[in-house]
Every structure is written in structure tokens, then in C-alpha cells.
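Visitor: Could you walk me through this protein chain and tell me how you back up each thing you say?

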Amino acid sequence: MTDLLIGLLVVVAAGSCFVIMKPRRRRDTPVEPEMALPSAPATGRALQEQTLLAAFRSDEYAVPADASKEDQRVLQRALQLLADHVGAYEAVLWQPFEEDDGHLLAVAWSRGAEPPALPESDRLLVELSADGQRATFNPTGPLQLLSTGVRAGDHRGAVSVHYRETPTMDRTTATEWLRRHAREIAALHEVVRTRATLAQRTNKLRAMIRTATTLQGSRDPMALEQLLGRDACVVTGAAWAIVVRWYPDLQKGVPTLIGHGAPEFGTGFVARQGSLVGEVCRTGNPKVLSDARILVSSREPVFTDVPLPSGTRSLVIVPLRRSEKEQPLGALVLGHPERNALSQNDARGAIDLGTIAAGALETAWAVQDETKRALTDQLTGLPNRRAFEAEFQRMISETDRYGGSSALVIADVDHFKSVNDTYGHEVGDTVLQSVGSALSAARRATDHVMRLGGEELALLLPQTDQQGAMEVAERCRRALESMVVRTPAGDVRVTASFGVAMYVARSNAGDRLYERADKALYAAKRGGRNRVELSPAEGAWSA
């Protein structure tokens with residue numbers, strides 16, 4: 001029995017060493033797809049990244065996907081051998097569970113998919129054997145339970161055997177056998193746990209290195225956020241991740257990435273002062289809830305007016321910032337459906353990852369803001385002429401690709417010069433802002449409202465037929481006709497004229513669409529204003 005247990009221990013230990021020390025593959029052996037190196041010679045940052053990642057190649061360090069199951073089977077076989085030798089029905093290895101006040105938890109057992117359910121009296125005997133590092137057994141009747149204490153690193157533990165029939169081996173002999181082999185089973189478990197820990201730490205380190213090297217070479221905020229969310233789940237073991245950007249002037253945090261598997265928080269959720277995420281963004285103090293069920297009773301919102309979603313049992317929220325002396329740029333929210341799945345250790349790893357990512361995210365977000373400003377009309381907040389031109393070309397290309405038809409609507413505020421002359425330019429600006437808001441409210445979700453310049457605005461209506469385009473334009477006309485703009489100079493009413501032009505897929509008439517809509521607009525002006533005119537059809541379906 002001893003020789004067999006020692007043999008199992010040596011096999012597992014040798015497997016651990018093999019994972020660390022096996023030689024590199026030959027160059028002609030394929031590597032994992034995610035780690036495949038480019039065929040062209042790498043220079044600069046790319047070479048630095050490859051060099052760092054080469055030190056932690058997945059084919060040298062990774063444990064197979066079913067390694068934990070195989071490790072559990074090794075322990076299960078060792079425990080079953082022990083149970084068979086002493087004539088018991090089942091053998092169980094117990095280890096302390098720190099998150100449950102150090103009470104013992106069954107970490108391996110010889111039978112079934114679930115650990116044995118013991119009555120309180122038997123659990124007490126197991127606890128006593130671990131506390132006193134001695135053997136305990138049921139004091140009355142035939143032998144039903146025999147347990148002996150073992151050391152689990154610096155912690156107490158126990159191995160117990162359980163009987164359903166009267167054993168043929170006397171209790172003294174069974175106790176001697178149990179004591180002799182319990183230490184070896186505990187050592188076997190330590191080797192298995194060490195191998196898992198080594199693989200986990202290696203994966204975390206690889207994720208840190210990949211994040212540090214990749215982040216510095218990208219200015220795409222979406223790619224950076226996805227990388228941060230993915231690697232945060234690797235580093236912490238979280239099931240999902242959400243990246244939040246904090247706007248100090250608005251005192252509001254907005255999710256920029258909602259990772260795969262994240263629970264449903266609702267639409268348009270944000271983080272303000274008073275919510276957990278908002279407070280982390282404001283103060284920089286992380287929140288670690290290994291048992292997040294407390295949020296259910298306290299009703300403390302995760303996001304503003306958004307409670308803890310059902311199915312989330314562990315929650316970690318850490319700040320995104322370059323150093324502890326700086327204000328957070330946002331927060332990283334991590335969750336898991338199991339209680340105690342995320343800990344203070346995981347939070348520290350997430351904080352480190354957030355520190356690595358913060359600089360790159362700050363730059364990418366700043367570039368994104370500048371790009372958005374360059375494409376936004378500063379008065380109305382609508383996309384400007386430059387943005388219109390890009391979106392116009394996209395609409396034409398998509399219509400050609402997918403078929404159907406699209407429409408361009410140009411609107412011009414009637415007698416706008418008289419508004420400026422009568423009330424002043426500040427009131428005129430207010431009127432334009434109100435016109436932009438009214439058109440945005442009247443459009444469909446797929447439509448785009450843009451300011452072309454002056455009092456002229458445009459609507460792009462993708463995948464829209466003629467009837468739909470005329471209905472949208474008429475709805476917008478009525479919205480402006482009924483609108484009253486409240487200003488310090490008094491109430492102002494305005495109307496607008498609309499020109500509509502249709503584009504049919506593959507008609508090669510996209511370059512004339514704007515001209516046709518503009519002519520229809522001026523036809524509406526000549527027809528008395530405050531009306532919608534449709535441009536005559538041009539182009540046809542082509543093969």
C-alpha cells in the first residue's frame with residue numbers, strides 16, 4: 001500500500017516537473033494559434049513582446065484542460081485504495097476552508113460526484129482529529145467512522161474512512177494503517193495543488209505580460225477594453241468583466257465594455273455617486289465582496305439604481321489609474337456566479353492589471369474624444385458635415401451590398417434669417433439646438449440626423465423605401481411645426497422645408513443623390529415652405 005501511494009505521488013510530481021522542464025519544441029512544430037509568431041522578422045516592440053512571451057510559452061507551462069479532473073481522479077484512486085485496504089466503504093480528505101472560518105471541507109473523496117454528507121456528530125469527530133492531530137472514532141457501537149489528523153502545509157487537516165458494515169480489520173490495526181498513509185495522501189494533494197497553483201500563476205503572469213506589451217502598441221479603445229476585460233478574467237478567475245470610464249466633470253461613469261457572460265444590468269445603466277462603482281471611481285478605494293449576497297439585504301446598488309443581478313455571488317470593483325496618487329480614469333468590475341470565487345488576492349491582481357492598462361486607455365480615450373469632437377457640431381451636438389460625408393458613403397455602399405433602397409432628406413429652417421434679425425443670434429442658436437433635438441426625437445432608431453451648416457440639416461435613412469422616407473420626413477415636419485422654443489426674448493415658432501431623394505441599390509446614382517435632394521428642397525421652398533417634396537426617381541435595379 002505504501003509503495004503504491006508513493007508511486008502515485010512520484011507520477012504526479014514527475015508530471016509537474018515535466019510541465020516546467022520539458023524541452024522546447026522543434027521549430028517546425030506548430031504552436032498554439034493565439035501564440036503563433038509572425039513569419040516576418042520582428043523588430044522593436046514586437047520583438048520585445050515575443051521575447052517576453054517566449055519565456056512563458058503555453059506549450060511548456062499550460063496544464064491540459066482536463067488536468068484538474070485527472071488530478072482529482074488520482075486522489076480518488078489513492079483514497080479508494082486506502083478504503084479497500086482497511087475494509088471501509090469510503091475515504092475522504094479534509095482541508096480547512098479559510099472563507100468559512102477555517103472549518104474543514106471535503107476536497108477529495110473516493111466515491112461519487114459529490115462529497116459525503118455527514119451528520120453533525122461525525123463532522124465533530126473529524127474536526128477533533130484535525131485539531132488534536134490524533135485518531136478519533138465513533139465511541140459506541142460497531143466502527144462507523146475512523147479519522148486521523150494530518151498537516152496540510154501550515155494548516156490542520158484530516159483523512160477519514162467510513163464503514164457501512166462491521167469491518168474485518170480490528171480498530172487498532174485500521175488506525176495504524178490510516179495514520180501511516182494519511183500523510184502520504186495529504187502530500188499527494190499538496191503536489192496536485194502546487195501544480196494547479198503553478199499553472200494558474202503562470203497563466204496570470206503571461207496575461208500580465210501580454211497586456212503590458214500589447215496595450216502600449218494600440219490606440220484603439222475598443223481593442224484595449226476587450227484585452228483588459230479578457231486578461232482580467234484570466235488573472236482573477238472572474239467569469240465576466242465590465243470596463244467603466246469615469247467623467248469627473250459629470251461625476252458619472254459609463255460602461256465602455258460589457259464582457260461576454262456579464263449579467264443583465266438593464267439598458268443605459270451608469271455609475272454615479274452613491275453606487276458601488278461610482279464610489280470606486282470617485283475615491284479609488286477598491287471593493288471586494290467575496291460573498292456579494294450582502295448587497296441583496298443592504299440594497300446597495302452596484303450601478304446607479306441597479307441592484308446586484310441575480311446569479312452573481314462574488315464581486316470585485318477596482319479603480320483604473322496609473323498610480324495611487326492620481327484620480328481614477330474609471331473602474332474594472334469583475335464578477336463570478338460562485339460565492340468566494342473572488343478574493344483580496346484577485347483584487348490585487350486586477351489593480352495591477354488596471355495600473356498597466358490605465359496609461360494606454362487614457363491616451364486612447366483622449367484620441368477618441370478628439371476624433372468625436374472633429375466629427376461633431378459644437379452648437380447642436382449633432383454629427384457635422386464631415387461625419388455626414390463618411391456616413392453618406394457608408395449608406396450607399398451598404399445599400400449596394402445588401403440591396404433595397406435608402407433615402408436622403410435635407411431640411412432647411414424657413415425664414416431663419418428673420419429669427420436672427422428679430423431675436424438675435426443667441427436665440428437663433430437656441431432655435432437650431434431645438435430643431436436638432438426635435439428631428440432626433442422624430443427619427444427612427446436606425447436613422448441619422450446631422451447638421452450640414454447654417455440652418456440646413458440632413459437625415460440619412462438606410463434600408464428605407466419611398467413610403468417610409470416620406471413618412472419620416474412628414475413626421476419631422478409636423479414635429480417642427482408644433483414646436484415652441486422658449487427663450488428669454490419670448491416664445492419662437494419655426495417651420496422647415498424638406499427635400500427627399502431615393503437611392504436604389506446598384507443604380508450608380510449615389511453621386512447625384514445630394515443634388516436631387518437639394519433640388520427637391522428648393523421645390524418645397526418655392527411651393528410655399530413648411531412642406532415635403534420628393535425628387536423624381538433616378539436609376540433602376542441593375543444586374
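Visitor: How do you know how confident the predictor is in the chain?

Guide: We look at pLDDT, the predictor's confidence in each residue, from 0 to 100. The chain's mean pLDDT is 83, and 84% of its residues reach 70 or more.

Visitor: Where does pLDDT stay under 50?

Guide: Over residues 1-63, though the model still has 79 contacts there beyond four places in sequence (a contact means heavy atoms within 4.5 Å). Residues 539-543 are below 50 too, with eleven contacts beyond near neighbours in sequence. Where pLDDT is low, the predicted coordinates should not be read in detail.

Visitor: How many helices and strands does the chain have?

Guide: There are 15 helices and 18 strands. Both are DSSP runs, numbered from the N terminus: helices are H or I with at least four residues, strands are E with at least two.

Visitor: What makes F303 count as buried?

Guide: Buried means under 20% relative accessible area, exposed means over 50%, and partly exposed is in between (1.4 Å probe, protein chains only). F303 has a relative accessible area of 0%, so it counts as buried. F303 sits in the loop between α9 (294-298) and β10. Leaving aside neighbours within four places in sequence, its contacts include I242, V244, P255, F265 and V333. P255 is 48 residues away along the chain, yet the C-alpha atoms of F303 and P255 are separated by 10.0 Å. Across the chain of 543 residues, 46% count as buried.

Visitor: Which residues have the most contacts inside the largest nonpolar core?

Guide: They are V431, V435, L439, L480, V494 and F498, in a core of 32 residues. The most comes from α13, with seven residues. A second, separate core has 27 residues, among them A350, A357, A360 and L361.

Visitor: Why are the buried residues of α12 said to be on the same side?

Guide: The buried ones are F416, V419 and N420. They cover an arc of only 95 degrees around the axis, so they lie on the same side of α12. That arc is taken from the directions from the helix axis to the C-beta atoms. On the other side, K417, D421 and T422 are exposed. The buried residues of α12 pack against β12, α13 and β16 (490-492).

Visitor: What makes β17 mostly covered?

Guide: Nine of its nine residues are buried. In a regular strand the side chains alternate between the two faces of the sheet. A496, F498, V500, M502 and V504 point one way from β17, S497, G499, A501 and Y503 point the other way, and all are buried.

Visitor: How do you know that β12 and β17 pair?

Guide: Two strands pair if DSSP finds at least two bridges between them. Nine bridges join β12 to β17, which run antiparallel, so they pass that test. One example is V409, whose bridge partner in β17 is V500. β17 also pairs with β18 (residues 532-534), in the parallel sense, over three bridges.

Visitor: Which strands are the edges of the open sheet of six strands?

Guide: The order is β8-β7-β6-β11-β10-β9, with antiparallel pairing. The edge strands are β8 (271-272) and β9 (287-289), as each pairs on one side only. Three bridges join β9 to β10 (residues 314-320), with L289 opposite L315. β10 and β11 (residues 330-336) pair over seven bridges. Seven of the seven residues of β10 are buried.

Technical notes
Residues are numbered from 1 along each chain as its sequence is written. This is a predicted model: local features need pLDDT of at least 70, side-chain atom pairs count only at pLDDT 80 or more; totals for chains, interfaces and linings use all residues. Side-chain values use heavy atoms; hydrogens and water are left out. A nonpolar core is a set of buried Ala, Val, Leu, Ile, Met, Phe, Trp, Tyr and Cys residues joined through side-chain atoms within 4.5 Å.
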